[in-house]
Each structure stands twice: as structure tokens, then as C-alpha cells.
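Visitor: I'd like a quick walk around this model. Could you show it to me and then take my questions?

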Amino acid sequence: MKIYASLLAAALALPAAAQAPADTAATDTAFVFTDIITLPTTSVKDQNKSGTCWCFAGTSFFENEIRRLGGDSLDLSEMFTVRHCYADKADRFVRMYGQMNFAPGGSLLDVPYVWKHYGAVPEEVYRGLEYGEDKHVHGELDAVLDAYVKAVARKPTKKVSTAWKKGVDGVLDAYFGELPATFEYKGKTYTPQSYAASLPIKLDDYVALTSFTHHPFYEQFVFEVPDNWLWGQYWNLPLDEFKAVVDNALENGFSLVWAADVSEGGFKWTDGVALMPKGKSEGDMDGTELARWVKLSDKERANSRYDFKAPVEEIEVTQELRQQMFDNQETTDDHGMEIVGVAKDQKGNRYYKVKNSWDTNQVYDGFFYVSEPYFKAKTVNILVHRDAIPKAIAKKLGLK
């Protein structure tokens, strides 16, 4: 997941219908959303110009899990996690002779990985902004690290030196700041490990799930995308059961980390909506429309599919179509977010409410609405607490 981009703290957001612009009364020309479920969540953050969506999504999820489990509302450091992933990813890249992905993106398993191995810290302890910026801007850092680790992996002196890791740490310290061995927080002294242990999170309770047919259902497999540098394993479910996990989770107060493809033309962030529109057919057109249609180029016809301002008919997404999109790489591992609710539009279509990490300067203050067809087609995988999985499904996975 590696999208670059530039709620409020209240427990329940306003219904989306109330948030929408005033002109949405014209229901045939605009979207009117009504929230059915909106789970409490911490404030929307801004990953800005960094490829760290995976960390913002995972950190937000754990912040919300801490609240759900009776803990305080916290603002935890994303860059503490990012820094550790950069270092460990560099180590693995060199150990693999440079024959793997080295990039700022990551997977939804990276945050629990860092918490387990290195701990966690509050945002105020480690902001990761030691390079003259007020927001995250990682272009220079990414270029420097990429060139450095690739030079090491080439072994210009025929072997890897004993010094190269100090070089990586030096770069990371320069941009992010030195990692704290101990820190003071609310009158107590912690290490990152002891602070993570003080939080009501049991990492073994979180389960990664997906739904594809190129591996057996009800088994785990190493998910084949470049940003799965940890070679993490995901439980595989049929699509209807996969969706049932999401619905059961939200209905019972559990949010989810959501990895998805957001490169589709139907993903309209500024408008706060993501759809999988059905393409136009000549049989649906009257004579005037058809006359205009035949004059369009192939590109213009394709683009017209995504020229929507209000609810439209969407494609039917089957397990087979979903697999086809993944196999031909129309569906890619682009972006990590958090699903925090359910909504419907003025025509009764159902959506998932999603919290993003692209700031709040957007129609729904950093949230948007994903139709069920879009979710079924373009979801890559999810992370959820095991108690959110319906018992019958959990039993099939051996989790009960």
C-alpha cells in the first residue's frame, strides 16, 4: 500500500446527510448519505507526502481498539513504527541480495509487527519531523534510502561490510530523530516495550483475512503483493463469508483495517464516494443518446462510465470476477484505510463508511463512502479482532 497524498474527535460523527452540501436535496443529481452505524474513532490524520497509509490505518485502528477495550483516547506515533519498518525492510532487502521490494509501502500486518518487536510510543514523544517540515514529506528520504540499500546489495567490494546498518540508522535518525530508549508520559517512565505492554491490546487476537480462489479456502497463505515484505499470511475465505465478517464486526462495534485498490475511476475522493458503475450499453439509449455515443472515442466511452454525480447502477461482483481483477492486476494493493461504519444513500444502496489519512479538507471531513460492489471487487485484505468473526466462520478457521 503506497498512496501518496496530503472526525473530528467526537465519538459519533454527524449523519452524513447532515454533512452534505445544501444542494443535495436534489436527490437525482447528488449523493445523500445517511449513516446507519458510525463507530467512535480518533481524529483524522494526514500522511501528507508519504507512502505510509498502512501505518496511519493500522495506528488509527489500534487507537480505536484501545478505546473499545476501555482505555484512554490516545494519539500514537506513526513514525516510530515507520522508522522500524524502514530499518528492518532494509535488512531483509540486503539479505535477499536486493531481490525483493524496497519501498515506503507496507501491509496491514506491519503495525502489529512493530508493536510486538519494538513497542509503541505516543505521538508527542516521536513525531518523526526532523527535516524542516511541519508535515510528512518523504520524497528525499525515500530516494536516499533506496539508493543506499541498492548500493549495499550490489556488493561493490564483493561482500557486505559491517558498517552499512549504521549508515541506514544515521539516515533514519537524521530525518526522524533518534529512537527513545525511555520516555516520560503522564508522570510515568516507560520504554517503548513497556508502554505497548501497558495498553489493552493483545496482538495475537488480531486476524488478517482475504478472499481469493488461487489458494484453498479456510487456509492461510502468504499474500503475493510486493508490499508484503514480511511475507505475512492471511486466512482465505469465500467472498460471502469474507463480507459477513465485515458486517458482523461493524454491527458489534468493531472497526477494521482495510487494504484496497483506489486506482479505479469510480474512486472519487473529493466527492467522498467510491462506486463500480455499470458500463453503458447501446440498448439502454434513445436515438439522440446513441447518436452522441457512436461519435465518442473508445477512451471517451470508457471515461463516461465514471462520469457520475449521484447513485448509478453498479456491476454485479462475483468471486470469479474479483479473482479475474486480481489476476490481471487491475486490482492492486494501493492504499490502507479503516472501515468505521455503515451508511445508505437516498436510493437505499448500502455503503461502508471509511476513515482515510488524507487530512480533513474534503466534503466529509476525511471520511468517504464505499459501495458494496466496490468493496467486493477492490478489497485486498482486512485486519480485525478475532471476536468480530462470526462463530461459525471462526470455527472453520480453527480460531474457536
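Visitor: Is Trp-231 buried, exposed or partly exposed, and at what relative accessible area?

Guide: First, a heads-up: this is a predicted model, where local features need pLDDT of at least 70, side-chain atom pairs count only at pLDDT 80 or more, and totals for chains, interfaces and linings use all residues. Residues are numbered from 1 along each chain as its sequence is written, and side-chain values use heavy atoms, with hydrogens and water left out. Buried means under 20% relative accessible area, exposed over 50%, and partly exposed in between (1.4 Å probe, protein chains only). Trp-231 is therefore partly exposed, at 45%.

Visitor: Where does Trp-231 lie, and what is its phi?

Guide: Helices (H or I, at least four residues) and strands (E, at least two) are DSSP runs, numbered from the N terminus. Trp-231 is in the loop between β5 (220-222) and β6 (233-236). Although Trp-231 is not a glycine, its phi is positive, at about 55°.

Visitor: Lys-158 is not a glycine either, so what is its phi, and is it buried or exposed?

Guide: Look in the loop between α5 and α6 (164-176) for Lys-158. Its phi is positive, at about 75°. Its relative accessibility is 76%, so Lys-158 counts as exposed.

Visitor: How are α3 and α5 oriented to each other?

Guide: Two packed helices are described by the angle between their axes and the distance between the axes. Here axes are lines fitted to C-alpha atoms, for helices over the stretch in contact, and angles run from 0 to 180 degrees between N-to-C directions. Helix α3 (residues 78-95) and helix α5 (residues 139-153) pack at about 30°, with axes 9 Å apart. Angles under 35 degrees count as roughly parallel, over 145 as roughly antiparallel, 65 to 115 as roughly perpendicular and the rest as oblique, so α3 and α5 are roughly parallel.

Visitor: Which residues of α3 meet α5?

Guide: Contact means heavy atoms within 4.5 Å. On the α5 side are Leu-141, Asp-142, Leu-145, Val-149, Lys-150, Val-152 and Ala-153, and the α3 residues that meet them are Tyr-86, Ala-90, Phe-93 and Val-94.

Visitor: Which residues does His-138 contact, and is His-138 buried or exposed?

Guide: His-138 sits in the loop between α4 (110-117) and α5. At 0% relative accessibility, His-138 counts as buried. Leaving aside neighbours within four places in sequence, its contacts are Lys-49, Ser-50, Thr-52, Met-79, Tyr-86, Tyr-131 and Phe-176.
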